[in-house]
Amino acid sequence: MSADKRNDIERDLGEQPIGKIMATYGLKPNDLVKNSTEQLSHKMVARAARGRRLTPHAQLKVLNALNKATKQAFSLEDLFNYK
């Protein structure tokens with residue numbers, strides 16, 4: 001990937017809805033990591049809540065862990081306001 005292409009991608013997207021959802025349910029990144037059946041790291045969860053762009057695969061890992069932890073059925077659109 002060229003330097004120009006890398007610079008065109010906005011990486012810091014501001015606080016995401018997942019941060020508010022986690023706060024509502026009283027969840028910390030560790031709670032999602034514990035509930036994940038996939039290789040989810042604390043760093044992935046923290047980056048998701050802070051608004052750093054995650055890959056689609058990482059987004060799914062976070063979504064699955066959050067749904068398991070909250071026993072809800074959130075969608076990616078509920079957690080992230082970017083595509």
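A nonpolar core, as the term is used here, is a set of buried Ala, Val, Leu, Ile, Met, Phe, Trp, Tyr and Cys residues joined through side-chain atoms within 4.5 Å. Buried means under 20% relative accessible area, with a 1.4 Å probe and protein chains only.

Colleagues, this is a predicted model, in which local features need pLDDT of at least 70, side-chain atom pairs count only at pLDDT 80 or more, and totals for chains, interfaces and linings use all residues. Residues are numbered from 1 along each chain as its sequence is written, and side-chain values use heavy atoms, with hydrogens and water left out.

The protein chain contains six helices and zero strands, where helices are DSSP runs of H or I with at least four residues, strands are E runs of at least two, and numbering starts from the N terminus. Of its 83 residues, 33% are buried.

I turn now to the core. The largest one has 19 residues, and Ile18, Leu32, Val62, Leu66, Leu79 and Phe80 touch the most other members. Helices α2, α3, α4 and α5 each supply at least two of its residues, and the largest share, five residues, comes from α5.

Helix α5 covers residues 56-70. Its buried residues include Val62, Leu63 and Leu66, together with Gln59, Lys61 and Asn67. Their cover includes α2, α3, α4 and α6. Leaving aside residues up to four places away in sequence, Leu66 touches Ile18, Ile21, Met22, Leu27, Leu32, Phe74 and Leu79, a contact being heavy atoms within 4.5 Å. After α5 comes Lys71, with a positive phi near 60°.

Methods:
Buried means under 20% relative accessible area, exposed over 50%, partly exposed in between (1.4 Å probe, protein chains only). The expected span of a helix is 1.5 Å times one less than its number of residues.
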